[in-house]
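I opened this notebook to record what I looked up in the structure shown below. The entries follow the order in which I worked.

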Amino acid sequence: MKQKIILYSICLCLFFACKKDKKTPDPDTKLYPISFNVSGFSQTNVPTADKAKTNSLTIQATDTIPVQSLYYAVYVDRGPLYGHGPLVTYRRVLKGDQNFGQFKDNLPAGTYQALFCGGSNNLTFDIPNVAFYYNTHTWDDTFYKVVPFTVTSGPVNQSVVIPRRTAKLSLVIKDAIPTGTSKIVVHFSDSSSIKPYYPPASLVTNQTTQVINATDAGKTNYTFSMNTLNDTRPFDVTVDYYGPNPVGPLGTKIIKNVVCKPNTRTILSGYLFTQDNGQFTITVNQDWNPPVNVNF
């Protein structure tokens with residue numbers, strides 16, 4: 001019995017010691033107002049032939065905003081050796097919300113990083129892993145930027161233009177679509193998420209299925225597009241086409257050494273159904289940015 005009383009007394013002392021050491025926010029800490037105004041989503045074209053052009057979508061023209069869902073998160077910045085610290089604040093706003101693109105907070109003095117990421121309503125933010133992604137492993141049009149900032153002895157008011165992070169990959173099939181073609185499936189290796197900090201994002205298979213209708217039979221230069229985040233190295237694109245029986249493809253083309261860059265359209269053009277009619281060509285187009293054309 002005596003031993004139990006001693007043990008209970010020790011536990012009680014440890015409890016109060018831990019409770020005493022637990023830090024609580026200092027109510028006297030001075031806070032400073034910060035505000036970010038996301039005034040548009042930039043579409044800056046990559047220079048081609050020593051020329052560059054820049055377009056901008058303003059959020060005042062609501063119907064032209066390519067972003068349906070916009071995320072804002074602030075982390076403590078611990079410097080290049082240690083990366084981000086704890087999450088300070090986090091918010092998600094939707095297109096049509098009042099003051100869309102305007103974020104206001106009150107923070108103590110310190111160094112921070114603000115993350116902005118916008119895309120469709122399917123865009124998801126994994127807070128513990130600091131990663132933006134789509135559950136389908138296929139990318140919608142997505143915009144992203146990290147903004148370092150320091151709070152010292154006064155308010156911070158900053159305008160932010162978020163550049164497009166994704167690239168567009170277009171497939172142009174030059175030969176006529178045969179009667180009975182049911183679908184065309186495109187797949188390639190893609191980044192699984194946007195991650196500002198280590199470890200880097202893993203790779204997944206981006207698979208896009210284009211349903212072919214009976215009215216599409218006989219069409220030439222049939223075109224469809226997909227978005228990608230794969231902009232770090234050349235990759236292969238596999239194109240399968242199917243007949244009425246969807247069990248297995250009737251034919252396959254593999255387009256090698258495709259390169260994509262953010263805010264740039266890469267066009268893969270060539271003959272799919274005529275197997276001996278040369279390779280796809282790759283072209284970079286600058287209307288989105290200009291496209292990148294690839295023959296196949």
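**Entry 1: A covered strand**

I began with strand 17 and found both of its faces covered: Arg 265, Ile 267 and Ser 269 on one side and Thr 266, Leu 268 and Gly 270 on the other are all buried. I noted that the model is a predicted one, in which local features need pLDDT of at least 70 and side-chain atom pairs count only at pLDDT 80 or more, while totals for chains, interfaces and linings use all residues. Residues are numbered from 1 along each chain as its sequence is written, and side-chain values use heavy atoms, with hydrogens and water left out.

For the word "buried" I used the cut-off of under 20% relative accessible area; exposed is over 50%, and partly exposed is in between (1.4 Å probe, protein chains only). Strands are DSSP runs (E, at least two residues), numbered from the N terminus.

I then looked up a partner of strand 17. Strand 11 (residues 167-173) pairs with strand 17 in the parallel sense, over 6 bridges. Two strands count as paired if DSSP finds at least two bridges between them. In this pair, Ser 170 stands opposite Ile 267.

I traced an open sheet of 4 strands in the order 4-3-6-9, with antiparallel pairing. Which strands stand at its edges? They are strand 4 (84-94) and strand 9 (143-151); each has a single partner strand, so one side of each is left without a neighbour in the sheet. On average, neighbouring strands of this sheet are turned by 20° against each other, direction ignored. For such angles, axes are lines fitted to C-alpha atoms, and the angles run from 0 to 180 degrees between N-to-C directions. Strand 6 (residues 110-119) and strand 9 run antiparallel and are joined by 9 bridges. Gly 110 stands opposite Val 151 in strand 9.

I found another open sheet, in which 4 strands follow the order 13-12-15-16 with antiparallel pairing. Its edge strands, strand 13 (203-211) and strand 16 (251-258), each pair on one side only. Neighbouring strands of this sheet are turned by 20° against each other on average, direction ignored. Strand 12 and strand 15 pair in the antiparallel sense over 6 bridges, and Val 185 stands opposite Asp 240 in strand 15.

**Entry 2: Salt bridges**

Side chains of opposite charge can pair when their charged atoms come close. I counted a salt bridge where a side-chain nitrogen of Lys or Arg lies within 4 Å of a carboxyl oxygen of Asp or Glu. How many salt bridges does this rule give? The count comes to 5.

I looked up the pair of Arg 91 and Asp 105, whose side chains meet at 2.9 Å, N to O. Arg 91 lies in strand 4 and Asp 105 in strand 5 (residues 102-107), so the pair ties together parts that are 14 residues apart in sequence. Arg 91 is partly exposed at 26% relative accessible area, whereas Asp 105 is buried at 15%.

I next examined the salt bridge of Asp 231 with Arg 165, where the closest N and O atoms are 3.1 Å apart. Asp 231 lies in the loop between strand 14 (222-228) and strand 15 (235-242), and Arg 165 in the loop between strand 10 (156-163) and strand 11, so the pair ties together parts that are 66 residues apart in sequence. Is Asp 231 buried or exposed? Asp 231 is buried, with a relative accessible area of 16%; Arg 165 counts as partly exposed at 23%.

In a further salt bridge, the side chains of Asp 216 and Lys 219 meet at 2.9 Å, N to O. Asp 216 is buried at 6% relative accessibility, and Lys 219 is partly exposed at 39%.

From Asp 216 I turned to Thr 179: their C-alpha atoms are separated by 8.3 Å, although the two are 37 residues apart along the chain. Thr 179 is found in the loop between strand 11 and strand 12 (183-191) and is exposed, with a relative accessible area of 76%.
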